[in-house]
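Reader: I'm new to this one and would like to get my bearings. Could you walk me through it?

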Amino acid sequence: MDKIKITGGAKLAGSVEVSGAKNAALPILFSGLLTEKKSTYRRIPDLQDIKTTAHLLEQMGATVERSGSELSMTVPSQALKEAPYDLVRKMRASVLVLGPLLARFGEAKVSLPGGCAIGARPINFHLTALEKLGATIELTEGYVIARAKRLKGNRVVFDFPSVGATENLLMAATLAEGETLLENCAREPEIIDLANALRSMGAEIEGDGTEIIRIQGKTSLNGANHEVIGDRIEAGTFLAATMATGGQVLVRGIQPIFLDSVLEKMSEAGAEITRETNAIGIKMSGRPRGIDFKTLPFPGFPTDMQAQLMAALVVADGSSLITETIFENRFMHVPELSRLGADLTIRGNTVLVRGKKELVGAPLMATDLRASASLVIGGLVARGETTVSRIYHLDRGYEKMEAKLKSLGAQIERVSDGE
Ligand code: EPZ
C-alpha cells in the first residue's frame, strides 16, 4: 500500500489547475442511466470513486469508454437494475442509481449503504421522497427494492437540504408523469451542474441553485453532452495548504463564487484573496489569525473543507472555534493532527484550536477523504518528516494531489509501504 512522505517547511508558490468536481461527476454519470442513448461527459476526474462508478455501470450492462478526461456511456434497455452491497459499501454515492433506475425501468434494487467513517448517513429522505412520487419501497435483506410503473409528479418538501436526496429526486422526476416541485432543496453548485447535464438530455428543469426546483417530466431523454464543473473542494484544499505554509498560489479552473464562504473566512484569517473569472489567487504572509467557523449547507461553509481549514488554523496566531453541523463524526483528523503537536480540544460538535507556532512531523494515518487532505496540509507545515498512510482515502477524491503540490514547491512524494 502507498504512503505519502512529506518534508515540511516549503512555502507554496506557482499555479495549479483543478480537475473536474468529483461530487458533480458522480451524480452526473449516474444520470446517464436515464436514457438508452449514448451520453458523453468531459472533465471527468481520474479518481478511484469514478472507477468504482464505471465498474458499477458496467456490471449493470452499460458500455463505458474512457479517453483521457472524456467518458462516454450507453445503458441498454435490458440493464441489470441492481447496485450490490460490495460496491455500495465502497462508495455510498452508489445509492444515486436509485432515482434514475426507478424512473427509467420502474424498478431498482440497491443495497442499504450502512454507516460510514464520518457518520450514520441514512437515506430516509431519498426513500420518503420517492414514495411521494408513487414508488413502493420495500426493505429486505439489507436491500431497498423500489418499484413504480411510472413515477408521478408531486410536491416534495425535504426535511433537510440533503445533497444526495435532492440529486436522486431531481433525476427521478425528469421521467415522471407531470410536474414535480421539490422544496427545501440543496443549493450546492454540483446540483446546478447535474441539472445542466440533465437539460443537455432534454429535461425541463427550473430553479436549481435555489430552494425550489420545478421539473416537468418527459417520456424519454436523449443522450447527454456535458462538461463537469471544476472541483471547489480541491481548489479550497490548495488554498488552505497555502494559508498554512505561506506563499502565493493561483488556483485555476474554478469559479470563485463556488467558494465564497471559504474565501471570506480565509480573508478573515489574513489571506489576501483575489477573485478572477475562472481562478482564485491567494497570498499569505506570516501566520494565519485564529477565526471561528461553522459548517452549513451551501452557501454556508462546506463540511468538505472543515478538516483542511482546521489544519491551516492549527498554526494560527490565536484560537479558533470550529463547529461541524452536517455530520456527527467528522473530527477523525483531530487526534492525528494532535500527533504533529497541534493543540486541539473536542467538545461535542466543536473543536477548540489553540494556535501553535510550530508543528513537528510524525507518522499519521488517514481515516477518510477530507481528513487525509488535512493531514497532508499538516505535514506541509510540520518541521521534519511526516508520512501519511492509508492514502487510498485520498485517491478516492483527489487527482494527482502529490504531483500538483510538488509542482507548487512542496517536498512530497508517494512511496510504497515496503520502503
Ligand atoms: C454529499 O453527500 C457529498 N457526497 C459529501 O461529500 C458531502 O460531505 C455532503 O454532500 C454534504 O455537503 C457526494 O456528493 C457524492 P447529504 P450526501 O445527503 O449527499 C443526513 C466528500 O468528502 N441525511 O447532504 O450523502 C446525513 O446523514 C463527501 O466528498 C439524513 O439524515 O450528503 C448528513 O448528516 C463526503 N438522511 C446530512 O444529512 C438522508 O436521507 C447531509 O447529508 C440523507 C442525508
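Reader: Which residue has a backbone N or O atom 2.8 Å from an oxygen atom of the ligand?

Author: Keep in mind that this is a predicted model. A polar contact takes a pair of N or O atoms within 3.5 Å. A backbone N or O atom sits 2.8 Å from a ligand oxygen atom, and the residue it belongs to is Gly 164.

Reader: How much of the ligand's accessible area does the protein cover?

Author: On its own, the ligand has 830 Å² of accessible area.

Reader: Which side chains have a polar atom 2.6 Å from an oxygen atom of the ligand?

Author: Let's start from the closest residues around the ligand, which include Asn 124, Phe 125 and Ile 326. For one side chain, a polar atom lies 2.6 Å from a ligand oxygen, and that is Ser 162. Another polar side-chain atom lies 2.6 Å from an oxygen of the ligand, and it belongs to Asp 304.

Reader: Is Leu 380 buried or exposed?

Author: Leu 380 is part of helix H12. Residues it contacts beyond its sequence neighbours include Ile 6, Ala 241 and Leu 405. The cut-off for burial is under 20% relative accessible area. Leu 380 has 3% relative accessibility, so it counts as buried.

How values were computed:
Residues numbered from 1 in each chain as written. Predicted model: local features only at pLDDT ≥ 70, side-chain atom pairs only at ≥ 80, totals over all residues. Heavy atoms only, no water. Near = heavy atom within 4 Å. Polar contact = N/O pair within 3.5 Å; in protein donor to acceptor, adjacent residues only side chain to side chain. Areas by Shrake-Rupley, 256 points an atom, 1.4 Å probe, with all protein chains shown as cover. Helix = DSSP H or I, 4+ residues; strand = E, 2+ residues; numbered from the N terminus. Buried < 20%, exposed > 50% of the residue type's maximum accessible area, 1.4 Å probe, protein only. Contact = heavy atoms within 4.5 Å. Lists of a residue's contacts leave out its neighbours within four places in sequence.
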